[in-house]
Amino acid sequence: MKFIVNHEVAMHDEQQTAETFWESHYDAMSPISNGIPGKMLVRFSEGLTPGHALELGCGRGDDSVWLANQGWRVTAADLSNRAIEYAAANAERSGVRESITFTQCDLTQGFPQGEFNLIVASFLESPLDFDRARIFRTAFNHLLPGGLLLITSHAKVPSWSKHRHPFIPAAEVLAPLMPLPQGWEVQFCGEFSRVMTGPEGQQDEVSDSVVALRRG
Ligand SMILES: C[S@@+](CC[C@H](N)C(=O)[O-])C[C@H]1O[C@@H](n2cnc3c(N)ncnc32)[C@H](O)[C@@H]1O
């Protein structure tokens with residue numbers, strides 16, 4: 001199934017490709033992120049024995065850097081060269097550059113080599129249409145037995161967001177991935193909501209959808 005996920009980024013014009021869109025997105029951003037890993041990653045990776053992790057759509061690398069700090073060896077992929085440049089500098093500042101292999105990759109065209117104990121896709125989204133489910137099905141072939149594929153998506157954005165996200169229930173993320181390969185199971189499929197404070201101190205609920213798939 002194909003779907004478009006809008007998110008809190010500048011509007012794209014119709015002529016843009018995903019690559020030019022994301023390059024200009026990161027060009028306009030500060031290279032320095034807040035350094036905070038995704039809440040769902042922290043929650044769902046708790047208790048896992050560090051091994052080799054793959055992050056799909058690493059952006060400025062906060063999740064990959066956090067994983068490396070937890071003892072994981074990480075491969076981090078993103079479409080945007082600029083994002084990777086920022087992420088590599090982020091890793092350098094955090095002292096974990098040696099633990100992370102960065103790769104510029106359009107995941108609709110190719111996939112990083114290797115086999116992984118954990119594959120993470122935190123908000124692998126774009127205002128330009130792309131076949132996310134196909135990427136996740138490819139990821140099935142790269143997860144080792146006992147491994148976890150963790151997909152977190154924006155489900156509801158706060159009222160001050162410039163763009164309206166379609167609500168993507170976890171069930172809709174999961175549906176095109178079914179049936180799962182033999183021996184795989186759904187560890188979790190659902191939404192997590194939290195209250196967020198906006199730029200003017202206003203508060204609103206945000207919601208992430210999470211699909212966690214375990215290979216037996
Ligand atoms: C919303 S950002 C999320 C970044 C980061 N994971 C986070 O949680 O902050 C989406 C990321 O996916 C990347 N991306 C979008 N389409 C992609 C594709 N086809 N192949 C690889 N990366 C892609 C973008 O460059 C961007 O860094």
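Mentor: The largest nonpolar core has 49 residues. Such a core is a set of buried Ala, Val, Leu, Ile, Met, Phe, Trp, Tyr and Cys residues joined through C-beta atoms within 7 Å. Buried means that 20 or more other C-beta atoms lie within 10 Å of the residue's own, with C-beta atoms placed from the backbone. I119 and L149 have the most contacts inside this core. Strand β5 (residues 143-156) gives the most to it, with six residues. Strands (E, at least two residues) and helices (H or I, at least four) are DSSP runs, numbered from the N terminus.

A word on the source. This is a predicted model: local features need pLDDT of at least 70, side-chain atom pairs count only at pLDDT 80 or more, and totals for chains, interfaces and linings use all residues. Residues are numbered from 1 along each chain as its sequence is written.

Now look at I119. Leaving out residues up to four places away in sequence, I119 touches L54, L56, A139, H142, L143 and L149. Contact means C-beta atoms, placed from the backbone, within 7 Å.

Next, helix α3 (residues 62-69). Seven of its eight residues are buried, so α3 is largely enclosed by the rest of the structure. The buried ones are D62, D63, S64, V65, W66, L67 and A68. They pack against α2 (39-45), β1 (52-56), β2 (73-78), α4 (81-93), β3 (100-104) and β4 (116-122). Just after α3, G71 takes a positive phi of about 105 degrees.

Methods:
A residue is buried if 20 or more other C-beta atoms lie within 10 Å of its own, exposed if 12 or fewer, and partly exposed in between; C-beta atoms are placed from the backbone. Two residues are in contact if their C-beta atoms, placed from the backbone, lie within 7 Å.
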